[in-house]
Amino acid sequence: MIYIYSPYRRDETTYTALRVAQAALETTNREVFILPNGPKAGVASPFWDTHVLSRINLLPAILSATSIVHIGVDPDYINMIKHYRKTVAKKCTQILVPLWHSTRLDSVATIQSFFDYCVVPTQAIKKTFTQCVYGKTRTKKLIQLPWDTRMPTTKRKGRVKKNVIKVCVVVDSDAVSNSASFILTVLDELLNSHGHLEFTVLHSKSFTPADKQAIKNLLRDFRARLTFRAMPALENIATDFHNHDWVWLASRKVNFGAFATLATTCGCPVLAWDIAPYNEIITNDETGVLVPCEVKTNWMQAPAVIHDTSNFVKYASLAFSHEKIFETIAVQSDDSPSKFNDTWCDLLAP
């Protein structure tokens with residue numbers, strides 16, 4: 001029996017949990033459970049029945065588990081995992097998939113000591129954990145996770161709609177919380193200055209009353225060219241990407257880069273900040289455009305350029321007029337799906 005912890009419902013973390021579960025089902029003969037580490041909530045998938053438990057129901061069930069995969073758990077939750085390790089889960093193989101690009105090195109070393117393996121999704125996170133892997137820690141292995149989207153590569157030949165550039169804007173919960181006013185201002189400026197642009201905004205969290213009023217004003221002025229919709233189920237996001245020419249990933253904090261990988265797989269170039277792991281996935285002027293931000297770790301201390309919409313609008317305008325990018329967007333297929341399964345097979349196999 002394999003247990004997979006994932007704290008969120010509709011973002012890259014959950015997508016990764018589903019992929020790990022699918023790999024486990026393909027490489028082992030054991031039951032797979034996906035557990036939110038919080039109150040009862042569910043994740044949906046057409047591929048298998050997902051069992052949902054709360055923390056209260058977890059202890060008796062975990063006794064029969066042979067592997068526990070912790071994906072994106074909050075560092076504050078690690079103490080609870082330490083308790084499991086000392087009591088009911090002594091015989092379980094515990095695997096951490098961390099999402100933290102940076103944290104105190106002493107904390108990283110302590111966190112690693114609670115796990116048998118750390119499977120890191122990006123080079124940036126790998127760098128953080130590598131600094132501690134040779135310290136006093138019981139972690140057996142630090143493994144880089146090969147990423148794939150389970151989607152066939154689509155080769156684009158041009159725009160979806162003649163004389164119009166359709167842009168899909170992915171606004172996750174972090175972007176809604178920290179960048180909503182910035183995003184809405186950029187939309188306003190782009191819609192006013194470029195009559196051939198159309199935007200579909202996919203958001204995973206409700207906006208504040210002030211932002212809702214700004215959205216109402218935008219829809220009043222640009223109803224035919226602007227749409228706001230709740231984030232669809234993860235398995236349906238590819239459909240939205242296919243129906244657009246560009247994908248703008250608005251978040252200033254990203255973990256896996258799954259949406260960037262999925263967009264390029266769908267043949268859509270990506271507009272995003274020049275931060276990890278976007279800059280590990282996107283090749284500037286070939287598979288997308290990366291906007292310089294001069295921020296390495298701490299967005300709370302971001303320079304003024306981050307809040308300067310005119311700079312971002314300049315890059316966005318140049319990006320969306322970049323016709324030749326469709327000639328280079330086709331991504332060569334590789335064997336990453338098999339590598340992904342092989343990674344988990346080595347860790348989860350009986």
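In which loop is aspartate 285 found? In this predicted model, aspartate 285 lies in the loop between α10 (278-281) and β12 (288-291). Its phi is near 70 degrees, a positive value in a residue other than glycine. Most residues other than glycine have a negative phi. Because its relative accessibility is 44%, aspartate 285 counts as partly exposed.

A positive phi is also found for asparagine 163, where the angle is near 65 degrees. Asparagine 163 belongs to the loop that runs between β6 (141-144) and β7 (165-171). With a relative accessible area of 57%, asparagine 163 is exposed.

When neighbours within four places in sequence are left aside, glutamate 198 is in contact with Lys161, Val164, Ile165, Lys166, Val167 and Arg225.

The largest nonpolar core comprises 60 residues, and those with the most contacts inside it are Phe199, Trp246, Trp248, Leu271 and Phe320. Helix α6 (residues 173-193) makes the greatest contribution to this core, supplying 10 residues. Another core, of 25 residues, lies apart from it and has Val20, Val69, Leu145 and Phe256 among its members. Residues up to four places away in sequence being excluded, phenylalanine 320 touches Ile165, Val167, Leu190, Leu197, Phe199, Trp246 and Leu271.

Conventions. Residues are numbered from 1 along each chain as its sequence is written. This is a predicted model: local features need pLDDT of at least 70, side-chain atom pairs count only at pLDDT 80 or more; totals for chains, interfaces and linings use all residues. Side-chain values use heavy atoms; hydrogens and water are left out. A nonpolar core is a set of buried Ala, Val, Leu, Ile, Met, Phe, Trp, Tyr and Cys residues joined through side-chain atoms within 4.5 Å. Buried means under 20% relative accessible area, exposed over 50%, partly exposed in between (1.4 Å probe, protein chains only). Helices (H or I, at least four residues) and strands (E, at least two) are DSSP runs, numbered from the N terminus. Contact means heavy atoms within 4.5 Å.
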